[in-house]
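Please look over the sequence and the model shown here before reading the notes on its sheet, its turns and its pocket.

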Amino acid sequence: MTSQEEKEFVAGAFQRLKERGWFPGEEFEPSSISGQEIAAFEQEHQVRLPSLYKTFLRSFWLPRNRSNSICAIRDEDGDLCPLWQMIDSPKSMNEVSERMEILQEIREFCELPEDCFRNLIPIGDWGAGWGPLCIDLSRPEERVDKNNEHTWSLVWFDHEEFDWDEQYLGEDGLLHGAEALPDFKTFLEVYFYGSLEARYEQEEGIKPTYEWYQDTLKR
């Protein structure tokens, strides 16, 4: 996508999220994160963030009084089901750095190799509590194959299991996590645009509304 197409896609994602009923009565406040701040972050951590994620960071903030948890229908090995997510909506790149520091604390606790987290950018919590959701920068988005999970750039780590060296550590000395979604664009399509909701309604006879998602928490 071009820069303009990315801006339109992200703006459309927030608009569609609002149309789907999320954060009722709230407005999305424009982000104050600048391109210069992102560039400084990339220089400090020696990383290159995906272009679409940078556009997301510079777009809007999600309201914080609702814990940034949203739900959508996702494809779980061919089965459609709802899954909640907690999404980071940082107000500065320092907040992203702080989330990275938490990963480093886990590295020390698990006695993992130095720099094994250098490829990971935390962006939320998979399953709204299962464990950190990250962008794996060692899997470039331009090489993502949606039919090959081993190329997927969004991964998550189970924070209830800490044998991460056995589960997630690759031969390259980097942690890669369990595959979550192909890329950040797919994440926005599923969780902001609700791309699988129409198919779920057709197959299950249930329309996934904001109220319906809230009811799943009571089951």
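Which residue of β4 does S69 stand opposite? S69 faces M86 in β4, where strands (E, at least two residues) and helices (H or I, at least four) are DSSP runs numbered from the N terminus. This is a predicted model, in which local features need pLDDT of at least 70, side-chain atom pairs count only at pLDDT 80 or more, and totals for chains, interfaces and linings use all residues. Residues are numbered from 1 along each chain as its sequence is written, and side-chain values use heavy atoms, with hydrogens and water left out.

**Strand β3 and the sheet**

- Strand β3 (residues 69-76) has 6 of its 8 residues buried (under 20% relative accessible area, with a 1.4 Å probe and protein chains only), so β3 is largely enclosed by the rest of the structure.
- Strands β3 and β4 (residues 79-87) run antiparallel and are joined by 8 bridges, two strands being counted as paired if DSSP finds at least two bridges between them; A72 stands opposite L83 in β4.
- The open sheet consists of 6 strands in the order β3-β4-β5-β6-β7-β8, with antiparallel pairing, and its edge strands, β3 and β8 (178-181), each pair on one side only.
- Neighbouring strands of this sheet are turned by 45 degrees against each other on average, direction ignored, with axes taken as lines fitted to C-alpha atoms (for helices over the stretch in contact) and angles running from 0 to 180 degrees between N-to-C directions.

**Residues with positive phi**

- D77 lies in the loop between β3 and β4, which form a hairpin with 2 residues between them; the phi of D77 is near 55 degrees, a positive value in a residue other than glycine.
- At 66% relative accessibility, D77 counts as exposed (over 50%).

**The largest pocket**

- The largest pocket is lined by 18 residues, of which R74, D75, W152, A180 and L181 lie nearest its centre.
- On a 1 Å grid over the protein atoms alone, a pocket is an open set of points where a 1.4 Å probe fits, with protein on both sides within 12 Å along at least five of seven lines, and lining residues have an atom within 4 Å of a point.
- β3, β8 and α6 (184-191) each supply at least two residues of this lining.
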